[in-house]
Amino acid sequence: MIEKLLIICVFVGIIHMIETLAYSVRLAGLKTRKLVVALSLFNIIVIVSRTANMVQAPLTGKLGDAVQSKEDLPVLLHQLQTILLAASIGTIAGALLIPSFVSIFSRMISHLEVAGSVPKMMKNIASIHMLEKAKKHVKRPRWIMLSQLRIGGVPKRLLLLNLMATTIYTVGVLSTLYASTLEPTLSKSILMSSGLINGLAMITLAVFVDPQVAILTEKVMKGESTKQSMNKMVGTLVISRLCGTVCAQILLVPAALYIAWICKLIP
């Protein structure tokens, strides 16, 4: 069971690391002036996240299947809290990798333009010589970057919405899994509600968060705003995302109780 939990935590950490790095894709696009190419290329990396999610989802479901009685609930709760901790660690790892990611990803965009296709680009950069050159683009995060991240200039409502969406997305599936063990007779309807919960998070991100970031990106592209403002936006969004994973820890049990209560009301 410990090995299975460790595998789940690794996959969850990878998922949240990639989703955190997604904030910095626009920075690489601005750096190369190839924003559309950057967004398209990042979809290749997103496939890794989606694959990790497909693998960890049934493994996480097995944790719920192992619950045979109420006495097993504390063990499941501890396991779910460990998974949420892995989400926070993955977010922190993604934040620390942003400087290196922007530098390396910018080079990948340039290689893609030369190669003309992703398979050719991957073939070109897979050589030992190119991998050795990639080491030059690895950058350690500096404390001065964190000191520059002040909320001033970044809409507080945007950060709050991003925090809320991240919290719901992070805790959604795990809270429904825990709720299904609290109310075994309603387990099917509870588990089916996870799609609705995650859907609310995705709608919040798509309608309220992403357009704001896109507007600022366009302003920077046109010279109407500075790159520093974009750096600050990305940095504060990453911090709000990290806070969202922490809030998920707090809301795991209350959310599970609320979901179970809502499903009881459904006729």
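By about how many helical turns are Phe101 and Phe105 separated in helix α4? I found them four residues apart in that helix, so about one helical turn lies between them; helices here are DSSP runs of H or I with at least four residues, strands are runs of E with at least two, and both are numbered from the N terminus.

Before going on, I noted that this is a predicted model, in which local features need pLDDT of at least 70 and side-chain atom pairs count only at pLDDT 80 or more, while totals for chains, interfaces and linings use all residues. Residues are numbered from 1 along each chain as its sequence is written, and side-chain values use heavy atoms, with hydrogens and water left out.

**Entry: aromatic rings.** I looked up the aromatic pairs and found four in the structure, a pair being rings of Phe, Tyr and Trp (its six-membered ring) with centres within 6.5 Å, called stacked when the planes are under 30 degrees apart, edge-to-face when over 60 and tilted for the rest. Phe42 and Phe101 have ring centres 6.1 Å apart and planes at 85°, so I recorded that pair as edge-to-face. It joins distant parts of the chain, since Phe42 sits in helix α3 and Phe101 in helix α4, 59 residues apart. Phe101 and Phe105 make a stacked pair, at 5.0 Å centre to centre with 15° between the planes, and ring pairs thus link Phe42, Phe101 and Phe105 into a cluster.

I then checked burial (buried is under 20% relative accessible area, exposed over 50%, partly exposed in between, with a 1.4 Å probe and protein chains only). Phe42 and Phe101 are both buried, Phe101 with a relative accessible area of 12%, and Phe105 counts as buried at 0%.

**Entry: α4 against α8.** I read that helix α4 (residues 73-115) and helix α8 (residues 156-182) pack at about 175° with axes 11 Å apart, the axes being lines fitted to C-alpha atoms over the stretch in contact and the angles running from 0 to 180 degrees between N-to-C directions. That makes the two helices roughly antiparallel (over 145 degrees; under 35 is roughly parallel, 65 to 115 roughly perpendicular, the rest oblique). Among the residues in contact (heavy atoms within 4.5 Å) I listed Leu73, Ile83 and Ala87 of α4 and Thr170, Tyr178 and Leu182 of α8.

**Entry: Arg33.** I found Arg33 in the loop between α2 (25-32) and α3 (35-65), with a phi near 60°, a positive value in a residue other than glycine. At 44% relative accessibility, Arg33 counts as partly exposed.
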